[in-house]
Amino acid sequence: MLKHRLFSLRFTPLVLSLLLLPILPAIAVEGDGIGSSAGAVEYNPAFRAQAEPPASLASTAQVIVKLRSGADLVRRHALSAGTSPEQAGLAMEERTLALGQRIAMPGLLRAGRALDERTHVVRASGIDSAELAQRLQRDTEVEYAVVDYRRQRLVEPNDPLYLRGPAINTVLGTGGPDSGQWYLRAPTDQVVSSINATAAWDVTTGQANIVVAILDTGVRPEHPDLQGRLLLGYDMISEAASANKGGVKGPRPDATDPGDWVTSAEAADTTSPFYRCDVKNSSWHGTLTASLVGAAGNEGLGMAGVTWGAKILPVRVLGKCGGYDSDIIAGMRWAAGIAVPGVPLNPNPARVINMSLGSSGACTSPYQEVITQLGQLSSPVLVVAAAGNSTGSAVGTPASCAGALAVGGLRHTGTKVGFSDLGPQIALSAPAGNCVNVTANSPCLYSMISANNTGTRQPQASTYSDAYRIAVGTSFSAPLVSGTVALMLSRQPNLSVAEIRSILQTSARPFPSPPVASTVPLCLAPTAAQQLECHCTAQTCGAGMLDAAAAVKAAAARVTLDLNLVTGWNLTGSGVNAPADVALVFGDAAKVESVWRWGPVTQRWAVYLPGLSTQALAAFAAGRSYDVLSTLEAGDGFWVKAKQPLTVAMPRAEAIRAEQLAGRLRKGWNLLALGATDTPQQVQAAAGQAVSMESLWAWDALRSTWFFYAPSLDVLGGSALTDYNSTQGFLDFTGSAKTLGVGVGFWVKVP
């Protein structure tokens, strides 16, 4: 049985030699889409996603192949991160030649790009991609073989300025929208789905060490709203015709967008690589999405992005008629700082990858593999993907992949916009733009403003989209989320992918309830039928509407609890509003001897000994009148006896501040922790007990000495407290600028 010996203004720590018992203070202190708005509607069938390669490419199969670990082909034709482009090309040719022999297609296979040491592209003529994938999949050395689909832009966009667009001229069809950048402002009764970025900017406008990669058509770097905002990106397009850079193909360090137009002649020419591709002007899609994420703000020019401080990394993966999965996946890997054979490492790895692209169909193995890998990096990378614009169909790839954060599209009123896809994969939804007006020559009232270019083919002058050259689509919902995540990481860079998702979803505002007389239906699970505007549910549009301010504030309030422990006794604590599983955190018996928590209500210790089985621990505790310690609750201080120096990761959550401890203080000894850097004086004031808090103690493990604070001495003023600490050999909180916060456990004695 532990006993306290009480001394007036004296302290004697009771060091117990009993098996594994901790030190206990014994103290007492006295006292999507470009186009005309004519006939504009809430959706546009032209925004469809294309899952299959164009018909002209049907006879040119293209497949992504991953060889098994230890495969003979991998050993004989090795690749590594340092492989030169020439060496990579030679290895791919040799592997592909051998694969052709193995599947009875000698000399018919051609090598494509490498994605990693075991994964590369294989092409062939006279066979379709699905059949080639099936043949390769049957080979015993092949882990998987999947069609290298060509993906498409989800929309073709255009945008205006923060408070209000230029004056509308209905004769010329220019200007507007009057709503300006409505989607960034605080929500109102009329504009419900706005993300409230203005309040988020009160917390942070972003830090330059946070990078958002834009995997898209590239950017127009000369646009004035992107000046100083871009890092040197990369062009990953491996097909010269699609790259549209004068016969030069990627990979190469130039993410400039030359235009992605397709002429009617190209689309009609059976010998053209763009046969049956959609006829369209250049979209400048990557410039549009990049500006929504991070256009320069507060500089008196043009528009504002969601983040003005985080950097934008353009990665060109879409060209004329879209882009292949292999190029997109290589771009994802490169953007995250993962080695891609034949390509130098990215010196500025992204923490967020925005993918306003995709197609219908289930997630394929290569996408799932890379998204999972990105989330497990030491600096985890979140993939934010647009849900798709096929008028209420199921979410496509890559948004449907596990671990990707799929974003649905909302009208200004908070209902699902007609073109947005929907389904349970969607994490949350954000504004996607809508017009309301549908009569000829009417301006689009809620177009999404973004940076643009006037060129219909080659680039011309920089400009912004407006109420006539409209920008709507889930391609623009995703960048709003990506920019918000960049703001969150600017305040709390150690967030995991799961934590980011949790914060975004728990901070999202609820979807508006349908009015009593509403003729707009509830959104239903996706089927083959179209679903236009509908009232969102959690099963169809995610957890709610993006609230940038709430998400950033929640991230900023989170505390990273990495406890650095020394050999011996450590008085530490869990200062966040999240419980910790003791066995999960401290279960390494080679490093941890014991963990102890004092119960102010039970007035006894709870103990955890990782070296004992569950039954042995229960017997040990019962024999000594202890409790078994299984969970550390929010605000608990506790002792750890460490066998060697180590760092343990505690949960991250909203920090507990001093005022939250007031209701926890009990008469006698209290072992507590905070997540904010408060002083003992702030703890005393927040507790509302004036000088009745008898004393406060924190242990300095490195010096094996106590920090001591007594309100009764502090109120005397002068050097009373400092002098007492000096005579007793205690450390002074004030003199050492010592605060109570992350990783600090402390005792409070209440009379």
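I worked from a predicted model, in which local features need pLDDT of at least 70 and side-chain atom pairs count only at pLDDT 80 or more, while totals for chains, interfaces and linings use all residues. Residues are numbered from 1 along each chain as its sequence is written, and side-chain values use heavy atoms, with hydrogens and water left out.

Entry on pairs. I searched the whole structure and found 22 aromatic pairs, where rings of Phe, Tyr and Trp (its six-membered ring) pair if their centres lie within 6.5 Å, and planes under 30 degrees apart count as stacked, over 60 as edge-to-face and the rest as tilted. I looked up W182 and Y183, whose ring centres are 5.7 Å apart with the planes at 85 degrees, so this pair is edge-to-face. W182 is buried at 2% relative accessible area and Y183 is buried at 0% (buried means under 20%, exposed over 50%, partly exposed in between, with a 1.4 Å probe and protein chains only).

Entry on W639 and W706. I noted that W639 and W706 also form an edge-to-face pair, 6.0 Å centre to centre with 80 degrees between the planes. W639 is buried at 0% relative accessibility, and W706 is buried at 2%. Both belong to one aromatic cluster, together with W569, W697, W699, F708, Y724 and F730.

Entry on charges. I found K320 over the face of F274, 5.1 Å from the ring centre, and the charged end of K749 over the ring of W669, 5.7 Å from its centre; the criterion is NZ of Lys or CZ of Arg within 6 Å of the ring centre and within 35 degrees of the ring normal.
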